[in-house]
Structure formats: structure tokens, C-alpha cells
Amino acid sequence: EMLTSISQVNEEFFKLFSGIKIKDHTTGSEISVRSRFARKSAQDYVEEQENQVYPCIAIQDYQPTLAEDWWIDFKEYAGGLSTDNLTAYLYRRPIWMDFRYDVSIATKDYFQSQSLKNLFLSRFIAQPKFIFNRTVIDDDEVGDVVPYTIRTTDVPRTDGVLEVNYEFTLRAWLYVVEPREVDVVQQIVTELIQVDVEPIG
């Protein structure tokens with residue numbers, strides 16, 4: 001499966017932060033860390049809560065842009081045939097795009113903050129890429145490989161909340177144009193016609 005839309009990349013990215021749990025340093029039990037969309041106007045992701053529950057992860061997406069070192073290529077290429085070999089599929093090359101997200105972790109407990117920082121370090125900072133549309137084939141995980149970089153910033157707060165922002169920049173190939181169907185040439189008929197030519201000179 002290929003990445004075909006902006007919303008698909010957003011959904012795959014948001015999945016990375018669901019179901020995160022950290023240990024409570026006082027009881028040793030696991031605490032679920034809620035993830036939410038950063039804006040109250042969200043309708044397709046988890047809504048902002050009036051009384052925020054900590055610890056939490058807030059995610060903000062931005063308009064993706066074309067990668068600066070990519071050029072637009074409008075050439076088509078043959079990408080396969082139908083099962084009856086009567087139709088060919090012409091594909092357009094994918095678009096290379098940069099996706100930027102701000103992911104903030106916020107807690108009211110120092111030890112919970114450290115646990116989340118360690119989790120982000122091992123799960124995201126120490127890894128070079130994501131695999132979107134992940135599936136397992138013969139015990140191997142396959143999918144769309146999406147490399148990324150991270151920049152971290154401490155967010156000053158005066159309300160006692162400990163917050164760190166992780167700015168993710170992803171590089172993803174998007175196949176946004178549906179393949180075009182064309183009829184396959186089934187037979188070529190050639191006809192030789194003999195023409196008498198007067199010799200020169």
C-alpha cells in the first residue's frame with residue numbers, strides 16, 4: 001500500500017502516540033498518557049478537553065510543503081497490466097513532501113516528565129524512520145518508510161506544568177494521482193509495398 005493523501009499521513013502519525021503508557025514512580029503501576037489534537041476546532045482527531053488531564057501529549061499539524069530538493073516530474077510510466085492483459089496502467093511519479101508536526105508532552109509531575117522524555121528518546125529520537133501502513137509478511141514488518149528529524153525545545157510555563165515540545169519533520173512520498181488506464185496494443189499489422197524508383201545518374 002502507498003501513501004496517497006495528506007490526511008493519510010496525518011492519521012499514521014497520530015497513531016504513533018496512541019496507547020502510550022508510563023510507570024508511576026510512587027505505585028509502580030502504569031499510567032495511560034492521553035494524546036489529543038492541539039486545537040479545539042478539531043473534528044477528525046481527539047478534541048481538546050476543558051479540564052486538561054495530565055500527563056498528556058498534544059499534537060499540532062501544519063500544512064505540508066514540497067521538499068526543497070525535489071523537482072516536479074510529470075512524466076508517466078507503465079506500472080502494470082490488468083489480469084486479462086488488455087489494460088495498462090500509467091502512473092505519475094510521486095511527490096516528495098515535508099510534513100511538520102509539533103508534539104508537546106506536558107505533566108505536573110517531575111518523574112512522569114522524565115519517564116516521557118526517556119520514552120521519546122528511545123522510541124523517536126534514537127530511531128531514523130517510521131514505517132507507515134505497517135503490515136507483517138513472513139515475520140517481517142513492511143510498509144512505507146518515512147525518514148524524519150526531531151528538534152526539541154523546553155516550553156516555559158508559569159502554571160507548574162512541565163512541557164517539552166518535539167518538532168518532527170517527516171519526508172514522505174505521496175502518490176496523489178490515480179493511474180491512468182490505456183488499452184494495450186494487441187496486434188501490429190505491417191504491410192510492405194514495393195515502389196519502383198528510378199535510379200539516379
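Predicted model: local features only at pLDDT ≥ 70, side-chain atom pairs only at ≥ 80, totals over all residues.
Trainee: How many salt bridges does the structure hold?

Mentor: Let's start with the general idea: side chains of opposite charge can pair when their charged atoms come close. To count here, a side-chain nitrogen of Lys or Arg must lie within 4 Å of a carboxyl oxygen of Asp or Glu. The number of salt bridges in this structure is eight.

Trainee: What is the N to O distance in the salt bridge between R171 and D69?

Mentor: Good pair to pick, as it links distant parts of the chain, 102 residues apart. R171 sits in strand 10 (residues 162–174), while D69 lies in the loop between strand 4 (65–66) and strand 5 (76–81). Their side chains meet with an N to O distance of 3.2 Å.

Trainee: Is D69 buried, partly exposed or exposed?

Mentor: Buried means under 20% relative accessible area, and exposed means over 50%. D69 has a value of 48%, so the label between those cut-offs applies. D69 is therefore partly exposed.

Trainee: What is the relative accessible area of R134, the partner of E141 in a salt bridge?

Mentor: The side chains of E141 and R134 meet at 2.4 Å, N to O. E141 is partly exposed, at 47%. R134 is partly exposed too, with a relative accessible area of 45%.

Terms used: Residues numbered from 1 in each chain as written. Heavy atoms only, no water. Helix = DSSP H or I, 4+ residues; strand = E, 2+ residues; numbered from the N terminus. Buried < 20%, exposed > 50% of the residue type's maximum accessible area, 1.4 Å probe, protein only.
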